[in-house]
Structures are given as C-alpha cells and as structure tokens.
Amino acid sequence: MTARPRPNRTAPGRGLERAARAAAWGCALAATLPVAFLVGYLVYEAGPALGGGLFFGDVPALPAILGQRPVWDGIWPACAGTLALVALTSALAVPLGVAGGISLSLFARGRRRRLLRLGVDVLAGIPSILMGLFGFALILFLRRTFLPQANTCLLLAAASMALLILPYVVGATAGALDALPDAMRLLGPSLGLSTWRTVAGVLLPSARRGIFGGVILAVGRACEDTAVILMTGVVVGAGLPSGLFGKFEALPFYIYYTAAQYQTPDELTRAYGAALVLLCLAVGLFLCARAGSRLLEGRYGMGEMR
Amino acid sequence: MNAGISPGQEGGLPPDAVMAVRGLGVSFAGRAALSGVDLDVAGNALTMIVGRSGSGKTTLLRALNRLNECFDGCRTTGRVLFSLDGHPLDIHDRAFPVTELRRRVGMVFQTPNLLPLSIAANLTMPLRHVLGMDKAEAREAAREALVAARLWDEVKDRLEAPAKTLSGGQAQRLCLARAMALEPDVLLLDEPAASLDFMAARAIEELLSGLRERYALVVVSHGLGSAARMADHLVVMRRGQVSARFAAGDLARGEALAQCMEEVF
C-alpha cells in the first residue's frame, strides 16, 4: 500500500476545501448515525427477549431444531423458513441470473440486446407486491386448469422471489462483464480456447467481484422482502417448512404480523428479537458470501489484486 | 467467404512463406480499416509492420488469427492462406477450425495480458484445454516454455504465486512463454515492448531475435530504431494499405531507412 496523496494545504481556495471536507464528513456521519441508532435501538428493545426461549419457547433446543417437537412460542420455525426460502430462491435465481448476464453482455447483439436489456430493467422496476400477486394469480390459474390441488407453497414463494431478485443478478453480471477491457475479452480466443472455456475460465473469474456484489444484494433482498411471500405461501404457525409444496413461516412476516397483532408487551419484545435475528442473518449471509469470494480469489490466485 | 483452395491451384503459398495475405480488406461497422493488403509471412524470419497509429497495423495482425471477428460489425474480405495438414487453405474456410488456427498463430498483446490465475496455471490451463495435455505433461511443457522465454530462473520458486505479482517485463515474457507453449508456427506480437521500460524492452527484443529460428514472427512496432535492428522484412502501413516494403539488406543502407522515415512520419 502506498500513502495517499494529501491535499495541498497552501493552495488557494483553502476555505472552500475545508468546507467541502466538513460536508463530506457530515454526509458520512449522516449515513452511518441512523444505522448505529437503529441497531442500538433494536438491541435495547430486543434485549430482554434474547436467549434460547426466543427461538424455541419452552421446548428443549435439540428436538426443536430437529423438528421432533413443534415450537409454538419461538421464532425457530420462522428462521428455518427464511433460510429455506433464501436457499431455494438463490438456487433458482443465481444460476439463471448469471447465465442471463453472460448472454446479455457477451452474446446478445443489436436489437435483441436492447430488448433484453429493456426486459431486465422493467423486471427490476416491478414492485414486490406485484410479484406476489403474480405468484398468487399463477396458482389460481393452475387450480382452475390442470392442477386443481395446487396451492401456495414454499416453491411458489421462492419462484416469485427469484423473479424479484433476478434482475439484480443479471444486471450485476452483465455490468461486470461489460467493464472488462477488450484485451481481456480477446485473450481467451487468442489462445485457441473454446468459447465455453473463455467464459468459464477467463471472463467470469475476472468479473467475479462485481457478480458477487450483485448476488449479495439480491440475497439480502430475498431475506427481507415480505410482500412477495405474503401472497404466496407464508402463514403464521406453519411450523418448520415441511417441503417444497408446504406452507412455511418467515422472519419478516413474523415481525410484520406480530407488530400489527400483538396482545402483550412480551410479544412485541419477541418481534424486536426476531428483527435483530433477521438483521444478524442478513449480515451472516453477507459474511458467508464474502468468505466464498475470498476462497475463490485464493483459487484464482488473485489475492494481490485490489 | 470463398471456398477453400485446393493444392496446386493458383493462389497457393509462395515458397518460403508460411502465410500469405491476398487482397485483404477489413471494415468495422462500415468503416474500412484495411483495404487491398497483400503480405507474405516468411518462415523463420521476423516481419515487422510499422506505421502511424491508426494505420491498420493491429488490425492486420489480428486478421492473421481472425481475432477481428471478436468485435461487433467486423467484415473481412480477401484471403489469408495458411497450411492445414500440409495443404494451403484460406483461414476463413469452414474446414479450418478457428481454435486450431489461433493455437498455431499465437499472439502477444501490447500490454501483458494475464489470465487471472497463478504463474504456472497461466501456461498449464491453455495447454490442458487446447492441447488436451494431462497435468504432468502440461507442467513439463510449461517449464520448457519458461526456459525458452528466459523466465524460468526468475519464477521457478514461486510458480504458484499470482501472475499479477510479476513485473511488466516478466509478465510480457510469461505471455510469450504461454504463446510458445502451444507450439505455434507463427507468433504475432503487437508492440510487445511498448509498455515496458528500456531494459525490459531490450530484453524482449533480444529474445525475439533469437526466436526467429523456430517461428515465423510478425511484430507490430512504432519504433523505427528497433525495426532497423531486428527486422528481416519491413512493411510500412499507411491509411489501411501497405505503402512500402523493405528487405533486411535495404535497411542496412541509410537511404532506405530515410525513405522509410519519410513514409512513416
């Protein structure tokens, strides 16, 4: 690391520079203070609820985790539901999104490229409640046509959620690939590598930082969005997710529901606890993604790169 | 594109030439970059292409391994003859696999262009996927190429380090080693020393001079000094066409060089 150059202190316009610097600090504080306040407030409110009881109620931890005994008073089913939802959503959206970004950036040309880009932009602009409505309408359609027993479920919620986060992944992948220099694009072909090898072995590893950024954003979104699952399969008291076609619970929905319907102060405190857990879950996923990215970096021998 | 040329027919390769460019025209989105270019690439010799920036040097180089086609709106006309299985064939012919062409016509870019991998993997990855070598074969071939590029002694103790940790001159020699490892017949070098300091550039030049015994070299350069020192054949480009050609003998005499200076600058 080299030292960053310091601004020249004797140059004219020093007053202006000082003001700009103060403004920059002010903006940085304005962005971070609310976060600190939010987290502090959450911890303060959730404090009394924290502990094993928050997760499992009065059921012992191990049988609760294994699903041998149902948990009625804890948020463990909601945690498991959110984890399952995020995993399934990522499994659907990440491969599809990365593939979409590759085709958009490297293969689509002219009119087709413009149309694809427009499609991705439109998809990115669709409010999440509409995505939920779409999933709901899909089930109604299936019930009236060839699948009368179809119902809202984990798979439907994950598919709708995948549609919601798909444009983030597509956009991040295409953007990261577009940003590669021409020489990098020519390198694979110049060595006689096949198109597949060039994409998988040269271009994707070079662009992985940008792609990971998009995936992290997308997964965070899948963690917290409530509107989509509201209409596609989340219910209170569903217990642990029983399968792809079963109902499930989820943390954001639990928070929303409890905040709206709580009977005792204890319940509200538990909702705060759930909010804190959701936050930790999101941060945990973020750290996992970062660790994964580091691991890849080691594999591709790029640790020294910025 | 034209159909292939059967052996013996008019338009076969001239004696001594490994590649022959005939009536080559390249345009990007309707704007001509090259027109009516004829060029013979002599075997075991260094052909140097000089000219101002924008004169079409790089486009001509990239036409030899069909790399121009990686850009949108590229249109190529004319023929580039190269031998496939002992018979001259237009490289644009469908019977000429483009990956085989690019393996046999290796390329080194202006700035060191490294794979996002370790030093060793920069060589072994293409070897394994293009030549289908196994791990041990690829490592041995990589070692030989690094020795030939005079890089082995500098990197033998840190082959697993990221290639990004090499200096500019070392990185460029790694690129050269990577191209040589694929056992090409022709090496294309696009101003290989342009991004390097004087000593590193000199090292590359010396290395190239020695390589002409094994390969046909086509080198784009903007430095006339190095051109006069190194070239067996000198081709001067101007506005997308060949405006003059010189052989090594001409270059030794002063007036040819002066004429060349006038052509280029």
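Biologist: What makes Arg239(B) count as partly exposed?

Modeller: In this predicted model, Arg239(B) has 14 C-beta neighbours inside 10 Å. A residue is buried at 20 or more and exposed at 12 or fewer, with partly exposed in between. The value of 14 lies in between, so Arg239(B) is partly exposed.

Biologist: Where is Arg239(B) in chain B?

Modeller: Arg239(B) sits in the loop between strand 9 (233-238) and strand 10 (241-247) of chain B.

Biologist: What is the phi of Arg239(B)?

Modeller: The phi of Arg239(B) is near 45°, a positive value in a residue other than glycine. Most residues other than glycine have a negative phi.

Biologist: Which phi does Glu183(B) have, and where is Glu183(B) found?

Modeller: Glu183(B) has a positive phi of about 55°, although it is not a glycine. Glu183(B) belongs to the loop between helix 6 (168-181) and strand 7 (186-190) of chain B.

Biologist: Why is Glu183(B) called partly exposed?

Modeller: Glu183(B) has 16 other C-beta atoms within 10 Å. Buried would need 20 or more, and exposed would need 12 or fewer. Because 16 lies in between, Glu183(B) is partly exposed.

Biologist: How do you know whether Gly51(B) is buried or exposed?

Modeller: Gly51(B) has 26 C-beta neighbours inside 10 Å. The cut-off for buried is 20 or more, so Gly51(B) counts as buried. Gly51(B) lies in strand 3 (residues 46-51) of chain B.

Biologist: How far is Gly51(B) from Asp153(B) in sequence and in space?

Modeller: Gly51(B) and Asp153(B) are 102 residues apart in sequence, and 36 Å apart in space from C-alpha to C-alpha.

Biologist: How much of chain B is buried, and how many helices and strands are there in chain B?

Modeller: Of the 265 residues in chain B, 48% are buried. Chain B has 10 helices and 10 strands. Among its contacts between residues at least 6 apart in sequence, 69% join residues at least 24 apart.

Biologist: What is the secondary structure of chain A?

Modeller: Chain A has 12 helices and 0 strands. Its C-alpha atoms fill a box of roughly 65 × 60 × 35 Å along the principal axes. Of its 306 residues, 39% count as buried. For contacts in chain A with a separation of 6 or more, 75% are between residues 24 or more positions apart.

Biologist: Why are helix 7 of chain A and helix 9 of chain A called roughly antiparallel?

Modeller: Helix 7 of chain A and helix 9 of chain A pack at an angle of about 155°, with their axes 8 Å apart. Angles over 145 degrees count as roughly antiparallel, and the pair is therefore roughly antiparallel. Their crossing is right-handed.

Biologist: Which classes of residue make up the contact of helix 7 of chain A with helix 9 of chain A?

Modeller: This contact has 15 nonpolar, 6 polar and 1 charged residues. Met161(A), Val169(A) and Ala172(A) are among those on helix 7 of chain A, and Leu203(A), Ile211(A) and Arg221(A) are among those on helix 9 of chain A.

Biologist: Which residues touch the most other members of the largest nonpolar core?

Modeller: Leu85(A) and Val169(A) do, in a core of 160 residues. Helix 7 (residues 154-178) of chain A gives the most to this core, with 18 residues. Beyond its neighbours within four places in sequence, Leu85(A) has contacts that include Met161(A), Ala222(A) and Phe248(A).

Biologist: How many residues does each chain bring to the contact between chain A and chain B?

Modeller: Chain A brings 23 residues and chain B brings 25 residues. On the side of chain A, helix 8 (182-190) and helix 9 (195-224) each give two or more residues. Helix 8 of chain A gives the most, with 7 residues. That side divides into 12 nonpolar, 7 polar and 4 charged residues.

Conventions. Residues numbered from 1 in each chain as written. Chains lettered and ligands numbered in written order. Predicted model: local features only at pLDDT ≥ 70, side-chain atom pairs only at ≥ 80, totals over all residues. Contact = placed C-beta atoms within 7 Å. Helix = DSSP H or I, 4+ residues; strand = E, 2+ residues; numbered from the N terminus. Nonpolar A, V, L, I, M, F, W, Y, C, P; charged D, E, K, R; others polar. Core = buried A, V, L, I, M, F, W, Y, C linked by C-beta atoms within 7 Å. Axes fitted to C-alpha atoms, helices over the stretch in contact; angles between N-to-C directions. Parallel < 35°, antiparallel > 145°, perpendicular 65-115°, else oblique. Left-handed = near helix turned anticlockwise from the far one by under 90°.
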